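Let's take a walk through this protein and see what its side chains are up to. Keep the picture open while you read.

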Amino acid sequence: MKRKSAQNNNLPTKRSSTATVYDDEERQACLAGRQAFSRQQFKEACDHFSRCLELNPHSLTALDCRSVTYERLGDFRKATADAITMVRQAPRAALGYLRLGKRLVLENKYPQAIRVYEQGQMCIDLSDPHYSMLDKVLSNTRLAWEKEQKKNDPIHILPYDVLDKIFFHLPFRQRIIGMSVSRGWYAFALGWSGMWRHLDFDTRKVHNATLVKYFGYTTGKYVKSLSMSGSHNKVEKVFKLLLQKDCHYIESLSITYSQIPRLFFVLLQLMGRHLTHLRLDYSEIDPTTVFSTVLTTCHHLSHFSYFCYDQNKTDTLPILPTPSTLSPLTHLQLAYSENTAINAHLTSILQHFSQLKRLIIYGSENNVNLTLQTIATHCPHLSLFRYKRIWNRQTVLPWEATEQAQEMHELSLFDAHELLDEGIMPLLHDHKETLQVLRLAKCGRTIQRVVYMLISSGLPNLRQLNLDSCLQLTGDGIKLLVEACSLLKILEVPCVLSVTNDVLYAMSLHPTLVHINIARCHSVTGLGVKYIVDGKHTTLQKLIVDGCQSISPDAIQYARKVLKPNVLVCDY
C-alpha cells in the first residue's frame, strides 16, 4: 500500500512533464501556422493549426486561427463549424461570438449575426477584454443590415412622385398592411399626405379605438374620400371624428347597409360645396329626404347612387324643387321596388336631370316603356342606359370611368318583359350611328320592328349584341344581322331556337367576331361547332355552348384540343 501511494505521488510530476512537452509542441505548431499564414500558404497553415488542436482540442486560439484559414481556402462550411465549436466550448468568452458573427456577416446573414452578438452580450462578463468590441460590432452590424435592406426597398430606391402614384392606386386596406412591412414603409405612410386621402371602412370590422387612431394621423383637408358600412354606432362614431377633425373637403362619400345618423345632415351642410360622388345604397333614408334635402344641399354633386330602402307602398311624389336648385347629376344609379314612390313617379324624377350621361336602373318593369320615352325626350346627353328588373341587397355598383362620348353608345335592357317597339325605337333611331353595345336579354315578344331594323340595316358601329331568348329571330335573320354589323365582336344568342349549324357557319366567316354565346340552342350539333372552331381557332376568345344537348362529346373534345385554353365553356 505504501509503495502504491508513493507511485501515486509521482504521477503528477510525470503529467506536468508531459504537459510541458505538449505546451511547447502546441506553441511551436501554432507559431508555424501563423508563419505559414503570413506567407499565404494557407493549406500548410491549416495543417499546423489542426496539429495544434490534436494536442489541445480546447484551444480557442487554434480554433479561431483555423476558422480564418478555412475562410481563406474557401471552405466556408468548415470555417463556420469551427466558430460554432468555439461558442460551445467557451460560452462565456467573447472570442467565439465575434468569430461566428463575422462569419455570418460575410455570408450576408445579418439577422442571424445580430442574434449571435446579442446572445454573446447576455452570456459573457463585462470584465471580458473583448466585450467592448462585441458591443461595437453589434452596432455596426445593425447599421449594415439597415443599409442592406434599403438597397432592395422600393421606398428608398424610387422617387417620391413614383411612390405617390403607386400608393395612390392601392386600396386603403393594403396601405394599412404596408405600414407593417418595415420602418421605412411606416415612416413613408405617416408622412405621405395621400395615406388618409381615401378612407375605406367597408371590408373589415374596425374598432372605435382604431378609428380614433387612424383619424389622429391626419388632418381634415387631406381626407377626400370616405366609404363605410355596418352598424349604426360605427357610422355615428366616424361622423363624430369627421366633425372633430374638420373633414369638410370630402369629395366622395359612400354609406351602405346602415342607418343614417343625424350628424350626416350637419356634415352635408359643411361638405356640400365639395361633394361630387355620393352613395346611399340600402341606407335607411326615405326617397323624399333624398330628393328634397340631399340633392338640394350638394350643389356640385355629379354622381349619385341610391338603392332604395323604403319598402312601403306610397303614391306620394317626392317633393322636388325646381331643376335649377337640384344637383347637376351626370351619373345616376337607382334601385327600387315596385311599391316605392320612385317607381310610381320615375319619369317625373328624370325630367329634373337633363344633364345625365349615365343612367342605371334596377327596379319594376311597369313603366319601362314610359321611362325609355322620357329618356329620349328629356336626356339628350345620355351615353349609357342600363335597366335590370331583378336585383338583390348584395348588389353594389362601382363607379365607372367617365367616357368622352357625346352620344349614346350603350343600351342594355334585361328581363324587360313588357318592352314594346314604341318604347325603344325612338332611342334606337336617334342613336343608330353611335350605338356600340345593345343588350335586349329576355325582353318582350312584341319588338318586331327592332328585329327588322337590325336585320335590314344593322348598326354600323355595334360591337356587342345580346339577344337572349329573342323569339322573333329566324335563322336567315341572324345571318343577315351578322353580315349587317361588320364591326361586331361579341354576339350572345342563348335560348334562340333558330340558331342552327348554317347560322354558325355564317358566324365563322365574320372577320371581327371573337366572343360567341349559343348556350341552350338545341338545334346546334357538332358540325356547327366544327365550323366555328376551324374558322376562328386563331382569334376566338370565348365560345359558350352550355346546355347544347345535340353536340356530341367528340365535337367537344375536338374543340378543346384545337382552341386555346379556357376558350370553350361547356357544362358537360
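## A charge over a ring

Start with K388, which sits over the face of F414, 5.9 Å from the ring centre. To count as a charge over a ring, NZ of Lys or CZ of Arg has to be within 6 Å of the ring centre and within 35 degrees of the ring normal.

A word on the ground rules: this is a predicted model, where local features need pLDDT of at least 70 and side-chain atom pairs count only at pLDDT 80 or more, while totals for chains, interfaces and linings use all residues. Residues are numbered from 1 along each chain as its sequence is written, and side-chain values use heavy atoms, with hydrogens and water left out.

## Rings meeting rings

How many aromatic pairs are there? The count comes to 21. Rings of Phe, Tyr and Trp (its six-membered ring) pair if their centres lie within 6.5 Å; planes under 30 degrees apart count as stacked, over 60 as edge-to-face and the rest as tilted. F239 and F264 are edge-to-face, because their centres are 6.1 Å apart and their planes stand at 75 degrees. F239 lies in helix 13 (residues 232-244) and F264 in helix 14 (residues 263-271), so this pair ties together parts 25 residues apart in sequence. Helices (H or I, at least four residues) and strands (E, at least two) are DSSP runs, numbered from the N terminus.

Are F239 and F264 buried or exposed? Both are buried, where buried means under 20% relative accessible area, exposed over 50% and partly exposed in between (1.4 Å probe, protein chains only). Another edge-to-face pair is Y282 with F307, at 5.6 Å centre to centre and 90 degrees between the planes. Y282 and F307 are both buried too. Ring pairs also link F172, W196, F201, Y214, F215 and Y217 into a cluster.

## Two strands side by side

F201 turns up again in strand 1 (residues 198-201), where L199 and F201 make the covered face, and H198 and D200 the uncovered one. In a regular strand, side chains alternate between the two faces of the sheet.

Strand 1 pairs with strand 2 (residues 225-229) in the parallel sense over four bridges; pairing takes at least two bridges found by DSSP. H198 has S225 as its bridge partner in strand 2.

## A helix end

L55 belongs to helix 2 (residues 42-55). With a relative accessible area of 18%, L55 is buried. L55 and E25 are 30 residues apart in sequence, but 8.1 Å apart in space, C-alpha to C-alpha.
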